[in-house]
Amino acid sequence: MAGPMADRMLTISFRIFWAIDAMVTAIAGYFFLAGLTDGSVSAFNLQSWLSILVGLASTLMGSLWLKNRGHIGLALILAAVPAVPSLGFGLILLIAALTGARWN
């Protein structure tokens, strides 16, 4: 792809994926904080939680850093790594909610 239209499409795609990543990171952060308050996050699983949160934050900051350095294609790929599976999971939840599927 070359040209201003292709660059614009890459930038829009990056922003969409980055926004999805930011929402996923916020949701994970909420569940982490809720787990701290109710005691479900303990010393036993704290390392796992911190690894997940650091990974999500690294994806956000790394993709933004790549975009700001002019590597929009690499930034888009990095932002897509957590965004695409999250979109798939969200689609499954939406279908289950709209069709009245039984959860058991």
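Guide: The largest pocket has a lining of I20, M23, V24, I27, P85, S86, L87, F89, G90 and L93. Please keep in mind that this is a predicted model, where local features need pLDDT of at least 70, side-chain atom pairs count only at pLDDT 80 or more, and totals for chains, interfaces and linings use all residues. Residues are numbered from 1 along each chain as its sequence is written, and side-chain values use heavy atoms, with hydrogens and water left out.

Visitor: What makes a residue part of the lining of a pocket?
Guide: A lining residue has an atom within 4 Å of a pocket point; on a 1 Å grid over the protein atoms alone, a pocket is an open set with protein on both sides within 12 Å along at least five of seven lines. The largest pocket holds about 270 Å³ of space.

Visitor: Which helix gives the most to that lining?
Guide: Helix α3 does, with six residues. Both α1 and α3 supply at least two residues each. Helices here are DSSP runs of H or I with at least four residues, numbered from the N terminus.

Visitor: How many residues of the lining are nonpolar, polar or charged?
Guide: Eight are nonpolar, two polar and none charged. Ala, Val, Leu, Ile, Met, Phe, Trp, Tyr, Cys and Pro count as nonpolar, Asp, Glu, Lys and Arg as charged, and the others, Gly among them, as polar.

Visitor: Why is α1 called oblique to α3?
Guide: Helix α1 (residues 4–38) and helix α3 (residues 72–99) pack at about 45°, with their axes 8 Å apart. That angle makes α1 oblique to α3, because angles under 35 degrees count as roughly parallel, over 145 as roughly antiparallel, 65 to 115 as roughly perpendicular and the rest as oblique. The contact of α1 with α3 has 15 nonpolar, three polar and one charged residues.

Visitor: And why are α2 and α3 described as roughly antiparallel?
Guide: Helix α2 (residues 46–68) packs against α3 at an angle of about 165°, with the axes 7 Å apart. The two helices are therefore roughly antiparallel to each other. Their contact divides into eight nonpolar, three polar and one charged residues.

Visitor: What makes α1 roughly antiparallel to α2?
Guide: Their axes cross at roughly 160° and come within 10 Å. That crossing angle makes α1 roughly antiparallel to α2. Among the residues making the contact are F14, W18 and F32 of α1 and W49, L53 and L60 of α2. By class, this contact has 15 nonpolar, five polar and two charged residues.

Visitor: Is the crossing of α1 and α3 left-handed or right-handed?
Guide: Left-handed: the near helix is turned anticlockwise from the far one by less than a right angle, whereas clockwise would be right-handed. Helix α2 passes α3 in a left-handed crossing, and α1 passes α2 in a left-handed crossing too.

Definitions and conventions: Axes fitted to C-alpha atoms, helices over the stretch in contact; angles between N-to-C directions. 1 Å grid on protein atoms, 1.4 Å probe; cavity = no way out; pocket = protein on both sides within 12 Å on 5 of 7 lines; lining within 4 Å. Points joined across faces, edges and corners; volume = space filled by probe spheres on them. Contact = heavy atoms within 4.5 Å.
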